[in-house]
Structures are given as structure tokens and as C-alpha cells.
Amino acid sequence: TEAIGLYNIGQTCCLNSLLQVFLMNTHFTGILRRITVPPSDSQKRRSVPYQMLLLLEQMQHGKQKAVYPRALAYCLLEHRMKLFVQYDAAQLFLTLWNLVKKQMRNPELTEKLSDLYTIWVQEYMVCQECSFETKRNSNMITLPLSMLDSSSHLLKTLEDCLQYFFYPEELTGHNMCFCEHCGKKTPFLQSMKLAHLPQTLILHLKRFCFRKSASIHKLCHYLPFPQDLDFNAVLTTEQCQADASEKAAWQYELFAVVAHSGSTDCGHYCAYIRSLTEHKWYCFDDSEVCQVLWDDVRCTYGHSDLHWGQTAYLLVYMRKNHQ
């Protein structure tokens, strides 16, 4: 029942943090435990789901405080994933998720994995000259939230970031689109409406911006996020495309925070995760694991004066009624 750490085998703090977020999620491990074991040794070495399952069992049955994720790391190397380099947690999360999904041989498990993480939205494009409207369904695994508005002003809360994501955007000037009805490029109004939220919801706080010199600057300003998140209270009726039963399930509780300290060029990741069985918060910092309080998690809100300080980068929320 004890939380187990993962040794850093060379700039693997990002990988270690994400693995802990995956493997502490009992909904994910429930799917992982049902995979078919690959028949040959070479297939076992190349199977990301199988190597994650072996790592999970090693962590659960071992007596040590931490284990080495070497076999999984070399498995990822087989899939042309570089080791011993700095990674962006949002990009690496998508890479791992796609590898797991691609190698799930059971269609039922593939569907369950998709249902567990996939966000569905409806995209709308409306011509501002003739009112011609097009719409399409699209999906994503993480919700990428800007921390700046269109005027480059800092957004103050997570709720502000969510509202801004679903706020309509005017496409004018160089961004105009071709309208089939008008037969020319015209100004358009682009908007998205939320259609479906998954059981495990990943919010990506885009804590970076481009300066005039084309260099990337990390945004370290204070941005609070709640333990409990109700999308019905955050979004307007116009920003939603869902029925009452779907909206009733939009009650979430914070499960994990993947935090980054350092600059955009170099830094360190760790994960704060709330155990779904004990309901206690833990900090997973590679091989070091310790129980923490909510006040420790709140320290990842950020501070504009601490440019190398720890700031939340990925927020993982769990749907309440599924626990």
C-alpha cells in the first residue's frame, strides 16, 4: 500500500512523474491489467503497455523504496523515443498515451482507454458577411489552456483560462478564411463548444510565451486552481453542446499536479498525486516519495518573483461520481 518512487536513470524526471500519474490512476491500471501478454520475448520488450504493467507489479510487490524503470525506458527507445534528454511533460504524456493505445490489441480495451481520457468539442466557423456556418466534431487528450488573453494580459485563475479557451475568436486580416458562399476570403468567427468530458481530465497550463527576440519565456505568475471543479459553474450555456445528463457528470476533483521548476531550457519535474484509495496527497520526486498537505500542493500556484520556482504545468482532474 506504500507509494513507491522511481529512480532517475538520466534526465528521466519528466517520464517518472508521468508514469506515477498513470500508475496511481486505478481506472487506468484496471485497463492495463486486462491486456493480453505478448507471445514472444521480442514482442514483450517492444510492448509499452506490457512494460508498464511489469513496472506496476514491480512497484506493488517490491520491498524497496524505489525501482528502476530501465526495461520500460529501453522499450521506449525501441520506438525511437530519445532517452537522457529534456522533455516537455505535455508532449511526453501524449507520446506515451498514443503508444499505449496503439499497442492495445483488444478493441474493447482501446475503446475504454479512449473513453477514459478523450475530450470532445464542437468547432464552429461562422462567416461574418453571409452568416454561413460550418461545424465539426473534434477530440483531444489534453485541454491546452493559454495563460494570456488576446491582449497578452495575464489570466488570473484556472476558471478564467477555461472561459478564455471557449471564448469566440475573430479571424480577420491575414487570418481570414475562404467562404464557399461568398466565393472569397472573409472575416470569420471561430468558436468551440464543449460536448463531452472524460473520467480523467488533463488540463495543460501553457506557461510559456514568445518574446520579440523569438526566445521562449516561462510564465511563473500566480494562478490558483481549485480542488473541486464544476464546469457547469465555469462555462456559459453558449459554450456547451451537451444534454443535461452529460452536464450532470461535469463535477471534478483534483487528482494530480505535474509541476515544473526551472526555465524553459532546463528544469526538473515532480508530481503531486492524491491516492484514490487513501485520499492522501503524496509528492513523487523521482526516488523520493513523501506524504504532503494541500498547502504543499498550493505552492505550485506560482509566483512572479520566483522564476526558478515550482509551478503547476499539468492538472489532472477526476470525475467525482466515478470514484
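In helix α6, the residues A89, A90, L92, F93, L96, W97, L99, V100 and Q103 are buried (under 20% relative accessible area; over 50% is exposed and in between partly exposed, with a 1.4 Å probe and protein chains only). This is a predicted model in which local features need pLDDT of at least 70 and side-chain atom pairs count only at pLDDT 80 or more, while totals for chains, interfaces and linings use all residues. Residues are numbered from 1 along each chain as its sequence is written, and side-chain values use heavy atoms, with hydrogens and water left out. Helices (H or I, at least four residues) and strands (E, at least two) are DSSP runs numbered from the N terminus.

**Helix α6 and its surroundings**

- Helix α6 covers residues 89-103, and because 15 residues at 1.5 Å each should span 21 Å, its end C-alpha atoms, 21 Å apart, agree with that expectation (the expected span is 1.5 Å times one less than the number of residues).
- At the start of α6, the backbone nitrogen of A90 has a side-chain oxygen of D88 within 3.0 Å.
- W97, one of the buried residues of α6, is touched by S114, and so is K101, when residues up to four places away in sequence are not counted (contact means heavy atoms within 4.5 Å).
- S114 itself belongs to helix α7, residues 107-117, and counts as buried at 15% relative accessibility.
- The side chains of S114 and K101 are also joined by a polar contact of 3.4 Å (N or O atoms within 3.5 Å; within protein, one must be able to donate a hydrogen and the other to accept it, and residues adjacent in sequence count only if both atoms are side-chain atoms).

**How α4 packs against two other helices**

- Two packed helices are described by the angle between their axes and the distance between the axes; the axes are lines fitted to C-alpha atoms over the stretch in contact, with angles from 0 to 180 degrees between N-to-C directions.
- Helix α1 (residues 13-23) meets helix α4 (residues 48-61) at an angle of about 80°, and their axes are 11 Å apart.
- The pair α1 and α4 is therefore roughly perpendicular (65 to 115 degrees; under 35 is roughly parallel, over 145 roughly antiparallel and the rest oblique).
- On the α1 side, L19, Q20, F22 and L23 make the contact, and on the α4 side M52, L55, L56 and M59 do.
- By class, this contact of α1 with α4 holds 7 nonpolar, 1 polar and no charged residues (Ala, Val, Leu, Ile, Met, Phe, Trp, Tyr, Cys and Pro count as nonpolar, Asp, Glu, Lys and Arg as charged, and the others, Gly among them, as polar).
- With helix α5 (residues 70-78), α4 crosses at roughly 170°, the axes coming within 9 Å.
- Helices α4 and α5 are therefore roughly antiparallel to each other.
- Here V48, Q51, M52 and L55 of α4 meet A71, L72, C75 and L76 of α5.
- The residues of the α4 and α5 contact divide into 7 nonpolar, 1 polar and no charged.
- M52 and L55 of α4 take part in the contact with α1 and in the contact with α5.

- R274 sits in strand β15 and is buried, with a relative accessible area of 5%.
- Its side chain makes a polar contact of 3.5 Å with the side chain of H279.
- H279 lies in the loop between β15 (267-274) and β16 (281-285), and its phi is positive, about 60°, although H279 is not a glycine.
- In contrast to buried R274, H279 is exposed, with a relative accessible area of 51%.
- R274 and L293 are 19 residues apart in sequence, with their C-alpha atoms 10.0 Å apart in space.
- F284, in strand β16, counts as buried at 2% relative accessibility.
- Neighbours within four places in sequence aside, F284 is in contact with A3, I4, Q20, M24, C270, A271, I273 and V289.
- Q20 in that list is also one of the α1 residues in the contact with α4.

**Other loop residues worth a look**

- S287 lies in the loop between β16 and β17 (288-292) and is buried, with a relative accessible area of 16%.
- Not counting residues up to four places away in sequence, S287 touches G5, L6, Y7, K65 and A66.
- S131 is in the loop between β3 (119-127) and β4 (133-140), with a positive phi near 65° in a residue other than glycine.
- At 55% relative accessibility, S131 counts as exposed.
- P224 is found in the loop between β12 (216-218) and β13 (228-230).
- Residues up to four places away aside, P224 touches K156, T157, L158 and Y301.
- The C-alpha atoms of P224 and G262 are separated by 19 Å, and these residues are 38 residues apart along the chain.
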